[in-house]
Amino acid sequence: MPQYILFHKPYGVLSQFTPEDGARSLAEFDLPPGVYPAGRLDKDSEGLLLLTDDGPLIEQLLHPRYQKPKTYWVLVERLPDEAALDTMRAGLRIEDYTTLPCEVQLLDPQPAVAPRDPPVRVRKSVQDWWLAITVVEGKNRQVRKMTAAIGHPTLRLQRRSIANLELGDLAPGQWKVIARADIHWGTDAAGTPADRTTAGGVAVRYRSPGERPRDVSRGADRRSADRRGAGSAGRNDAGSARAGDGKRNEKGNGNGNGGRSRNAAPTRQPGSWFTSKK
């Protein structure tokens with residue numbers, strides 16, 4: 001019978017069971033045998049990690065066509081102004097891609113996040129601020145690159161939720177068993193795949209297995225035709241998700257100070273941004 005584990009990955013731990021370059025791994029936390037991370041967090045990131053031996057579910061989490069909101073609490077240098085936050089919300093050009101629209105808000109009041117071990121440097125002349133950032137894609141270190149692009153480097157990053165799954169009060173290094181019925185996203189009450197939006201209006205498009213993404217199918221057909229015209233061998237687009245070791249996701253480090261912003265948006269709890277698309 002498949003197993004499903006919610007785990008609070010501490011800072012400095014790899015999202016894999018095999019130690020590497022002297023770093024800590026998941027092997028030290030007495031997790032049930034046979035489970036693997038469904039997605040990743042970088043060694044310097046913290047927070048929610050789902051582990052399972054359910055292969056189809058891992059594919060749904062890892063394949064880009066299965067969009068799912070992920071919320072991070074992100075500590076950044078200095079207080080961003082609203083113009084900088086709007087730039088992030090609309091999508092940023094980073095390296096060779098443009099990020100999809102996302103949801104960003106100042107956390108007010110600032111959350112009481114337990115100190116990190118080891119702590120990060122503190123500059124008395126600089127006030128650091130926690131943001132809540134919800135993205136629907138998961139490119140390598142994307143959140144860290146986004147905050148750097150608006151001039152507010154990430155100091156610490158904690159994943160608070162993946163779709164409807166929330167970190168809650170799990171302490172670093174702790175884990176709990178959940179049921180498959182506790183994991184749901186992209187379906188309506190009848191279990192039919194459906195589109196959603198976040199509370200901020202960011203579209204979240206879900207896919208059923210085997211369904212081609214509407215927004216990329218035309219480009220994919222064109223590329224396939226070009227390859228056939230050139231006489232090159234076709235490639236299999238179906239890619240399989242791989243459990244275990246792979247690319248790492250977000251990266252961050254730091255610690256936070258309290259404070260309030262007069263213009264800050266009210267705090268929204270992770271998971272509360274699911275609404276039916278109008």
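Modeller: Start with Trp73: its bridge partner in strand 8 is Ala132. Strands here are DSSP E runs of at least two residues, and helices are H or I runs of at least four, numbered from the N terminus. This is a predicted model, where local features need pLDDT of at least 70, side-chain atom pairs count only at pLDDT 80 or more, and totals for chains, interfaces and linings use all residues. Residues are numbered from 1 along each chain as its sequence is written, and side-chain values use heavy atoms, with hydrogens and water left out.

Biologist: How many bridges join strand 4 to strand 8?

Modeller: Eight, and the two strands run antiparallel. Strand 4 spans residues 70-77. Two strands count as paired if DSSP finds at least two bridges between them.

Biologist: And strand 7 with strand 8, how many bridges there?

Modeller: Four, also antiparallel. Leu106 has Leu131 as its bridge partner in strand 8.

Biologist: Is strand 8 mostly covered or exposed?

Modeller: Mostly covered: eight of its eight residues are buried. Buried means under 20% relative accessible area, exposed over 50%, partly exposed in between (1.4 Å probe, protein chains only). Asp128, Trp130, Ala132 and Thr134 point one way, while Trp129, Leu131, Ile133 and Val135 point the other.

Biologist: Switching to helix 2. Which residues are buried?

Modeller: Ala84, Leu85 and Met88, within residues 82-90. They sit on the same side of helix 2 because they cover an arc of only 100° around the axis, taken from the directions from the helix axis to the C-beta atoms. Ala83 and Ala90, on the other side, are exposed.

Biologist: What do the buried ones pack against?

Modeller: Strand 7 (103-106), strand 8 (128-135) and helix 3 (142-149). Contact means heavy atoms within 4.5 Å.
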